[in-house]
Amino acid sequence: MTYCLLLLSAVAVTAAVPVPRLLTRAKWPEREPVVALWVWQCLVATVLLCCLTALALGAAAVFGTVRAQLFAPAPPAVTAAYDLSHASPWTTVLTVLLACGAAWTAAMLARELVEARRRRADARAHLRDRAPDLPAGLPEGRGPLLVLEEEYPDAWWMPGSPPQLIVTTGALQRLTDHQLDAVLTHERGHARARHDWLLHLSAALAAGFPRVPLFAHFCEQTHRLVELSADDTASRRCGHLTTALALIELNQHRGVLSCSSSHRLLGERVDRLLEPPPRLGRRHRALTTAAASVVPLVPLLITFAPGLTALP
C-alpha cells in the first residue's frame, strides 16, 4: 500500500507541475484546440483520480470500518496484498490532507455553480429589461435568438434553459450576412460543445488551488482554447477571412488590434484566422488523443495492481 501511495503521489505531482508548463509552451495546441482541450481535461482527471484513489486507500488503512466496506467483496489474498493492517503516521497525515482537499474542491465547485446561476439569473433579468416589448397577442417566450437595441455591435451566448443567442442591432447594421452567420456559428459552437461547463470547472479549481500550476494553466488555457475552437467551427462553415473580418467588425470599438493584455487574445485570434497554422495530420491527432485518454487510467492501474497480482 505504501508503494501505491508513493506512485500515486508521483503521478499527481508530475501531472500537476512539469507537464502543464511544457504544454503551455507547445505550439500544436494553437493548431488543434479541441485536442488540446481534451489533453488538459485528461491531465486534470489524472490528478483528481490520483487524489481520490490515494484518499480511498489511506482511509482504508486508517479506519477499519472503511477497510471492511471497501474490501468486503475481495478475497482475503487481495486484502493481504495491500497490507492495510498497519498505517504509518505519514499515511494518516496524508489521508487527512486529502480529505480536506476533497472537501475544499467540492466547496469550490458548489460555490462556482451557485455564483454562475446567480450571475445568469441577473443577466437574464437585465436582458428582459433591455429587450423590446413584444406586440400584444405574441407569446412571451423570447426564443433561441434575442435582438437588443444597442449602438455597439455585440453577440454572445447565454447558457441556461433554454439557451439563447443575443445579438445587438449594432451588429446587424455593421456586419454583412456572411459575417453575421460566422458570428452566430461561433456562438453556436460554444453551445454545442458545452464550453460553459469547462469554464466553470477550470475557474473553480483555479480559485480553490491558485498555486497549483495545472489548475492555474487549465483556467487560462481553457478561456483561450474554447475561443479558438469556436473560431474553427465558424471558419469551417463561413471561411477564415469572413470569420476574421466579423471578429474585427464586432470588436473594433474595443480595440481588437491593440497591444493591451486584455485585447491580446483578440489580436491573436485575428492573426490566426488570417494566416491559418498548419493542422496536425490525422494520424498524429489520433495518437495524441489516444495517449491523452490512456493517462487517466494510470491511477487506476496503480491502485488495482496489488489486487490483480494477488488473484490466482
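Which residues have the most contacts inside the largest nonpolar core? In this predicted model, they are Trp-28, Trp-40 and Leu-214, and the core to which they belong has 23 residues. Helix 1 (2-16), helix 4 (33-62), helix 10 and helix 11 (213-238) are the elements that each give two or more residues to this core, and the largest share, nine residues, comes from helix 4.

Around Trp-28, once its neighbours within four places in sequence are left aside, the residues in contact are Leu-23, Val-35, Ala-36, Val-39, Leu-280 and Thr-288. In soluble globular proteins, nonpolar side chains tend to be buried together.

The count of aromatic pairs comes to one. This pair joins Phe-209 and Phe-215, whose ring centres lie 5.7 Å apart, and it is classed as tilted because the planes of the two rings stand at 50 degrees, an angle that falls between the limits of 30 degrees for stacked and 60 degrees for edge-to-face.

| Residue | Relative accessibility | Class |
|---|---|---|
| Phe-209 | 22% | partly exposed |
| Phe-215 | 5% | buried |
| Arg-194 | 35% | partly exposed |

Arg-194 also deserves a look for its backbone: although this residue is not a glycine, its phi is positive, at about 55 degrees. Arg-194 is located in the loop between helix 9 (177-193) and helix 10 (195-208), and its side is counted as partly exposed because its relative accessibility is 35%.

Definitions and conventions: Residues are numbered from 1 along each chain as its sequence is written. This is a predicted model: local features need pLDDT of at least 70, side-chain atom pairs count only at pLDDT 80 or more; totals for chains, interfaces and linings use all residues. Side-chain values use heavy atoms; hydrogens and water are left out. Helices (H or I, at least four residues) and strands (E, at least two) are DSSP runs, numbered from the N terminus. Buried means under 20% relative accessible area, exposed over 50%, partly exposed in between (1.4 Å probe, protein chains only). A nonpolar core is a set of buried Ala, Val, Leu, Ile, Met, Phe, Trp, Tyr and Cys residues joined through side-chain atoms within 4.5 Å. Contact means heavy atoms within 4.5 Å. Rings of Phe, Tyr and Trp (its six-membered ring) pair if their centres lie within 6.5 Å; planes under 30 degrees apart count as stacked, over 60 as edge-to-face and the rest as tilted.
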